[in-house]
Amino acid sequence: MFSNLPEPPADPILGMAQLFAADTSPEKVDLGIGVYHDAEGLAGVLSSVKAAERWLLENQQSKKYYSSSGNAEFNDRTRAMLLGPDSAEFQRARTIQTPGGTGALKLAADYIWSLAPQARVFIPTPTWANHNAIFPRAGLELVRYPYYDPTSGQVLFDRMVEALGDLRAGDILLLHGCCHNPTGADLTLDQWREVAAIANRHGALPLIDMAYMGFGEGLEEDAAAVRLLASLVPEVMIASSNSKNFALYRERVGALTIIAADEGQAIRAHAHAVPQARSNWSMPPDHGAAVVAHILSTPELKTQWEGELAEMRDRVTGIRRALAEQLSSNSGRDFSFIAHQRGMFTQLDIGSDAVKVLRSRHHVHITGSGRMNVAGLTGGNVPMVARAISQALAA
Ligand code: LMR
């Protein structure tokens, strides 16, 4: 089985870690994988997370099995955070904890396939690289819709709407809830309203990838689009992640929230999704979810975490502004869109050769597709990176 295996291709995002480690320059800058770095360039553990971990160490009574839907307190808190605890949508939804946002998408994909193998999954171009793998691996067909123009940095909404005209009843429409990965360009609430009408017209089910809640405008603001959509469309799924907003990356904390037409249908839909988790991973790892559940259920820790999240968000917003200004003035081109985009990423209009030049000559590491993790910049290296990108674009 193993004797004639070819060299496998590197993962377009996680594979960046090896390239970065192999770069011996002291000037090197990691703008590849979506990880937040502070002003000193460190990707540390949040103080609220440390406090919750200490609490768990002292107080956790047992590590016996949960059910395949994971930590019930985490699931309730997640559902409340996404949909608002007093909303009608909260009532008609149920959540399953998953190993990260990827686990949530994998669970959604297997679940969709089990119920409707003919469903096609409409994904934006561009989108998070792993979307291209997760759905076909579950046996589902992908359809790509245009989303973004890298030259102007704007959403191609008219072209998106035109392409969504091909949706059929039962198809899945994948959307990024906020802080679109890789572009940072989000739909306006009016556009979300239009997308909801399209989904309803065609009988399509929106699946929201919500991996950056709190990194855009704020927790409530970032949830507004999802809440609006869920109030307008009878059936929606949300794959959420706490990798970024709790900086719990490798602890793998995520959830799949299923919203149905009413509470009874949501309970039944949840019950049918649970066996999919059982046959994939039996149950998700608890530690990170227990940390999140403890923070969200302890008022002073919740306030502390919200402050830490706001600090991360504000730093990214400031870096976006500085980068947009310096790139525009160095290149003579208009990069102001970077300041208006949200979340960790922006997508540069840059070819793969220029990406290689950036890496080999300037030691600036972005993904091969031209996605840059703005949250990896510090105030100190923005000028150097802006100069390097301008030179690589001009070459
Ligand atoms: C990213 O997009 O860089 C992150 O979500 C990490 C990953 O798993 O790809």
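The model is predicted, so local features need pLDDT of at least 70 and side-chain atom pairs count only at pLDDT 80 or more, while totals for chains, interfaces and linings use all residues. Residues are numbered from 1 along each chain as its sequence is written, and side-chain values use heavy atoms, leaving out hydrogens and water.

**Sheet**
- Seen in the order E2-E10-E9-E8-E7-E3-E4, 7 strands form an open sheet with mixed pairing; strands (E, at least two residues) and helices (H or I, at least four) are DSSP runs numbered from the N terminus.
- Strand E2 (93-98) and strand E4 (141-146) are the edges, each pairing on one side only; pairing requires at least two DSSP bridges between two strands.
- From one strand to the next, the twist averages 25°.
- Strand E3 (residues 120-125) pairs in the parallel sense with strand E7 (residues 172-176) over 2 bridges, and Leu173 in E7 is the bridge partner of Phe122.

**Helices on the sheet**
- Helix H7 (residues 157-164) lies across E3, E4 and E7 and runs at about 145° to E4; axes are lines fitted to C-alpha atoms, for helices over the stretch in contact, with angles from 0 to 180 degrees between N-to-C directions.
- Helix H8 (residues 189-202) packs on the sheet, touching E7 and strand E8 (205-210) (contact: heavy atoms within 4.5 Å), and its direction makes about 170° with that of E7.

**Residue Phe2**
- Phe2 lies in the segment before helix H1 (16-22).
- Phe2 counts as exposed because its relative accessibility is 64%; exposed means over 50%, buried under 20% and partly exposed in between (1.4 Å probe, protein chains only).
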